[in-house]
Amino acid sequence: MSAARRTKASPDPELRRLPAVEKLLETPELTPQISLYSRPLVTAAARSVLAELRAGIKKGLPPASDIPKLIVSHLRRDWPGFMSPVINATGVILHTNLGRAPISVKALEAICWLGGAYMNLESDLAEGGRGQRTGDLRRLICTLTGAEDAVIVNNNAAAVLLTLVALGHGGEAIVSRGELVQIGGGFRVPEIMEQSGVSLREVGTTNRTTLKDYTKALSDRTALILKVHRSNFVQKGFTGETSLTELAGLATQYQLPLIYDMGSGAVLDTADFGLEPEPTVQDALRGGADVVCFSGDKLLGGPQAGIAAGKKEYIAPLLEHPFLRVVRLDKLSAAALVATVKSYLDGRAAAEIPVWRMMALAETKIKSRAGAVARRLKSNGIAAEVIKGISMAGGGTLPEQGLPTWLVSVTPHSSAESLARKLRLSEPPLFARIENNAVLLDMRTVFPEQDALLAPLIAAALEG
Ligand SMILES: *Cc1c(COP(=O)(O)O)cnc(C)c1O
């Protein structure tokens, strides 16, 4: 820069107090940001913050020590969806917005062990030629569920779509009007059916569908019968659905496949965890479903995946369908799923799989952890109470069923919304619940090693 320019551009001596970008990037507060976002993104944020400060120079500069903080909040604003771990104190175990099931340590180890190496993903060790992708994983799923065969794809929506395309294309699928559901963001059963080239033959009414309704709808165009688990809502009052057993009888009589989209697909009995019994995948297959579709990252507690398990004759067309290539499972998820299934086979699911560990947490344990957080808050002069509450399974499972839990309740002088927002924007982000202008933290979904972080995060958010 020429001397003439410099004198012209720097009339304000205050400006010289602004640190250089290079110096800023060396501050310890920005080191973790560089490893999270990468150096160019942090550099760009630092430049933007410095430019804003220069532009607002008349209002004066903040202390130099505050500038890294401004850069951190600029990064958060500019990259609001940048992936980073968060603390889930919402009490919703399968929180779709927070990544659904956290996977087990064994599943993580499997990803490390296999993901960084070459592996026999599609290679036959004995013959050296091309083998079947996820062939042994399919057998493991069969061992776990009692199915004759299985197909594993990218997610359950894909498993349902593949099943419909392969078994029903050009024909009709009979489905109850009470089961034409929307699951979370955009998975609508009727729209999926439309895409699959299967026409929908809706039967019954919203609240009641009988076996006769299904029977009346049968024609030579019928390709399959579809049952969808009402996973995210309950119907009360004058309601009735046709049981799986009744449908299985009808399907057998007319030699049609009975497809059951279970959504969550528990393989452990939820009743053993103090919850209402959900039908398990094993029950559904024993009860006569020909193909059962379920997610890998709901109650199974594994990676994102979709599983269609059932009779060989109905799984075979899925395995041969060209669409399978479009929705196939990736190798990292396959590695994690193998490890997850092994935890079940070893009878160690409740100990090893985070989703089930959280379900099984004793109330007394939760209460004492909540008490410890509340005491720490009080010693910081923050009023906090430990109150009774309810945790939810979430993820479209057990919609009205809660697990008794204990919450840390903090009522801020300002609004609970604003405190909750500050907590979400803290480092690490903390997600809580709001009720009656109180911020509630459910310890059930907090990993015990995160407990010590809660009080300092709340104290900082109340101050800032
Ligand atoms: C969750 C759910 C799906 C979708 O599963 P993804 O794994 O999210 O694709 C489909 N059907 C039902 C009944 C569900 O509950």
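Trainee: Great. What average pLDDT does the chain have?

Mentor: Keep in mind that this is a predicted model. The chain averages a pLDDT of 90, and 93% of the residues score at least 70. Over residues 1–7, though, the pLDDT is below 50. That stretch has one contact in the model beyond near neighbours in sequence.

Trainee: Good to know. On to pockets: what volume does the largest pocket have?

Mentor: Its volume is about 1,700 Å³. The lining takes in 48 residues, and the closest to the centre of the largest pocket are Arg76, Val86, Arg424, Ser426 and Pro429.

Trainee: And which elements give two or more residues to that lining?

Mentor: Four helices do: H3 (31–37), H5 (67–78), H18 (416–424) and H19 (451–463). H5 has the largest share of the lining, with six residues.

Trainee: How does the lining of the largest pocket split by class?

Mentor: You'll find 23 nonpolar residues there, along with 14 polar and eleven charged.

Trainee: OK, next one. How much space lies in the second largest pocket?

Mentor: About 700 Å³. Its lining is made up of 27 residues, and Leu114, Asn120, Asp136, Leu137 and Val338 lie nearest the centre.

Trainee: Which helices should I look at for that second largest pocket?

Mentor: Look at H6 (105–115), H7 (135–145) and H14 (331–345), each of which gives two or more residues to the lining. H14 gives the most, with six residues.

Trainee: And how many nonpolar, polar and charged residues are in that lining?

Mentor: For the second largest pocket the classes come to twelve nonpolar, seven polar and eight charged residues.

Trainee: Switching topic: how do you even find empty space in a model?

Mentor: Rolling a probe the size of a water molecule over the atoms shows where empty space is left.

Trainee: Thanks, that's just what I needed!

Terms used
Residues numbered from 1 in each chain as written. Predicted model: local features only at pLDDT ≥ 70, side-chain atom pairs only at ≥ 80, totals over all residues. Heavy atoms only, no water. pLDDT = per-residue confidence, 0-100. Contact = heavy atoms within 4.5 Å. 1 Å grid on protein atoms, 1.4 Å probe; cavity = no way out; pocket = protein on both sides within 12 Å on 5 of 7 lines; lining within 4 Å. Points joined across faces, edges and corners; volume = space filled by probe spheres on them. Nonpolar A, V, L, I, M, F, W, Y, C, P; charged D, E, K, R; others polar.
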